[in-house]
Amino acid sequence: MGWLSRFLAAIAFFAIGVLFSPETFGSKSVTHLSAYLKLAHLLCFSTAFGSALWVTFIGGIIMFKNLPRHQFGNLQSKMFPAYFLLVGVCCAISVAAFGYLHPWKSAPTAEKYQLGFLLSAFAFNLTNLFVFSPMTIEMMKQRHKVEREENIGTEVGWSKNREVAKANPKLAAMNKKFGMIHGLSSLANIMSFGSLAMHSWYLAGKINL
């Protein structure tokens, strides 16, 4: 199925969902603007949370364990900027919608905390997008160059890198610097995911089944 077909299918299911909305059956419980904002918030939050869950705990680990290391790194260098941009945009829309629905001056304390969690997720993703991700990618490219000179990087896992680094101070220094930058990026990503996870608990409490 091509991209256009998938997009049209998504629009079709969205339209069907509108047909079965409470307003269709005469409910006046929410205004149209409020409904649209809630929908935008829910869709963007769920997209951000689901993407973070997959990339952080599933997709990245599977790729690392099955792809040659340089191939894995090159793929990550293309995927992560798009991932951080997607999650950042989704968080921004969620913040805007939630902030409009719960104005700061009149919002209860619980909603203020939730807005803070969403803002935190947004800030951590911006930090990764504009600071840590470019630094990590540049450091990775430099290290790949050194590794190619040592004829390593086509293997799966870190074993050969660690062996060569014992006799190559330049590579050892690069490993240390890369580990530090990558660690900060991972920490920011985990903090973003944690903020979204805390908001998911709030949303679960609002669902009436």
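**Entry 1: Gln-76**

Which residues does Gln-76 touch, not counting residues up to four places away in sequence? I looked this up before anything else. Gln-76 touches Met-63 and Pro-81. I note here that the model is predicted. Gln-76 is found in helix α3. Its relative accessible area is 12%. The cut-off for buried is under 20%, so Gln-76 counts as buried.

**Entry 2: Gly-73**

I stayed in helix α3, where Gly-73 is found. Gly-73 is buried, with a relative accessible area of 8%. I listed what Gly-73 touches, leaving out residues up to four places away in sequence, and found Met-140 and His-144. I also checked Gly-73 against Lys-166. The two are 93 residues apart along the chain. Their C-alpha atoms are separated by 22 Å.

**Entry 3: Leu-101**

Is Leu-101 buried, partly exposed or exposed? I find Leu-101 in helix α3 too. Leu-101 has 25% relative accessibility, so I write it down as partly exposed. Leu-101 touches Ser-34, Leu-37 and Lys-38, again not counting residues up to four places away in sequence. I took one of these, Lys-38, for a distance check. Lys-38 and Leu-101 are 63 residues apart along the chain, and 8.1 Å separates their C-alpha atoms.

**Entry 4: The largest nonpolar core**

Next I turned to the cores. How many residues does the largest nonpolar core have? I get 20 residues. Those with the most contacts inside this core are Ala-48, Tyr-83, Cys-91, Leu-118 and Leu-196. Which elements give two or more residues to this core? They are α2 (32-66), α3 (69-101), α4 (109-149) and α6 (169-206). The largest share comes from α3, with seven residues.

**Entry 5: Salt bridges**

How many salt bridges does the structure hold? I find three. As a general point, side chains of opposite charge can pair when their charged atoms come close.

I took Arg-69 and Glu-147 to begin with. Their closest N and O atoms are 2.8 Å apart. Arg-69 lies in helix α3 and Glu-147 in helix α4, so this pair ties together parts that are 78 residues apart in sequence. Arg-69 and Glu-147 are both buried.

Arg-69 also meets Glu-155 in a salt bridge, at 2.7 Å from N to O. Glu-155 sits in the loop between α4 and α5 (159-165), while Arg-69 is in helix α3, so the pair ties together parts 86 residues apart in sequence. I checked burial here as well, and both Arg-69 and Glu-155 are buried.

The remaining pair I looked up is Glu-111 with Lys-206. Their closest N and O atoms are 3.8 Å apart. Glu-111 is in helix α4 and Lys-206 in helix α6, and the pair links distant parts of the chain, 95 residues apart. Glu-111 has 7% relative accessibility, so I count it as buried.

Which residues do salt bridges that share partners join into one network? I noted Arg-69, Glu-147 and Glu-155.

**Entry 6: Helix α4**

I went along α4 itself. This helix has 41 residues. From its first C-alpha to its last, α4 reaches 58 Å, close to the 60 Å expected at 1.5 Å a residue. Where does α4 bend by about 45°? I place the bend at Asn-128. Just after α4, I see that Asn-151 takes a positive phi of about 60°.

**Entry 7: Helix α6**

My last stop was α6. This helix has 38 residues. It reaches 56 Å from its first C-alpha to its last, close to the 56 Å expected at 1.5 Å a residue. Which residue caps the N-terminal end of α6? I find Asn-168 there. A side-chain oxygen of Asn-168 lies 3.1 Å from the backbone nitrogen of Lys-170.

Methods. Residues numbered from 1 in each chain as written. Predicted model: local features only at pLDDT ≥ 70, side-chain atom pairs only at ≥ 80, totals over all residues. Heavy atoms only, no water. Core = buried A, V, L, I, M, F, W, Y, C linked by side-chain atoms within 4.5 Å. Buried < 20%, exposed > 50% of the residue type's maximum accessible area, 1.4 Å probe, protein only. Helix = DSSP H or I, 4+ residues; strand = E, 2+ residues; numbered from the N terminus. Expected span 1.5 Å × (residues − 1). Polar contact = N/O pair within 3.5 Å; in protein donor to acceptor, adjacent residues only side chain to side chain. Salt bridge = Lys/Arg side-chain N within 4 Å of Asp/Glu carboxyl O. Bend = angle between axes of the 7 residues up to and from the residue. Contact = heavy atoms within 4.5 Å.
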